[in-house]
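Hi everyone, thanks for coming. Today I'd like to walk you through the salt bridges in one protein model. Let's bring it up on the screen.

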Amino acid sequence: VQLQACGGGLVQAGDSLRLSCAASLRTFSRYAMGWFRQAPGKEREFVAAITSDGDSTYYADSVKGRFTISRDNGKNTVYLQMNSLKPEDTAVYYCAAGSIPSPLLRYYGYWGQGTQVTVSS
């Protein structure tokens, strides 16, 4: 099982980025998907999650209104559209597949390798 995240980069405050995560999961459409991030010296934290059918989404308060999670089950891919980026969004971003769209790490059994997002002021 592989989750391959990509789309990170170096941007300026106020810019946008779209992260993608392609999954090799044969039953991708049965998994809830989540995005988490980890800044240097900090714990990994929840960013956003989406149900297996894509009908419901959940966000951390810090990104609500700026980030949008979506998925394409036909392409086995989950996305994170990030707008109005701030320096505090700088982190390694990880995608994960799990049983429910939870903000808790323990509900996710599969993790991608992470993609770096750096936002300069």
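Let's begin with Arg37, which counts as buried at 6% relative accessibility; buried means under 20% relative accessible area, exposed over 50%, and partly exposed in between, with a 1.4 Å probe and protein chains only. A quick word on the source: this is a predicted model, where local features need pLDDT of at least 70, side-chain atom pairs count only at pLDDT 80 or more, and totals for chains, interfaces and linings use all residues. Residues are numbered from 1 along each chain as its sequence is written, and side-chain values use heavy atoms, leaving out hydrogens and water.

So what does Arg37 pair with in a salt bridge? Its side chain meets that of Asp89, at 2.9 Å from N to O. By salt bridge I mean a side-chain nitrogen of Lys or Arg within 4 Å of a carboxyl oxygen of Asp or Glu. Arg37 sits in strand 4 (residues 32–38) and Asp89 in the loop between strand 8 (77–82) and strand 9 (91–98), so this pair ties together parts 52 residues apart in sequence. Strands here are DSSP runs of E, at least two residues, numbered from the N terminus.

Asp89 is buried too, with a relative accessible area of 1%. Asp89 also forms a salt bridge with Arg66, at 2.8 Å from N to O. Through shared partners, salt bridges join Arg37, Glu45, Arg66 and Asp89 into one network.

Elsewhere, Lys64 forms a salt bridge with Asp61, their closest N and O atoms being 3.2 Å apart. Asp61 is exposed, at 66% relative accessible area. Altogether, the structure holds four salt bridges.

Conventions: Helices (H or I, at least four residues) and strands (E, at least two) are DSSP runs, numbered from the N terminus.
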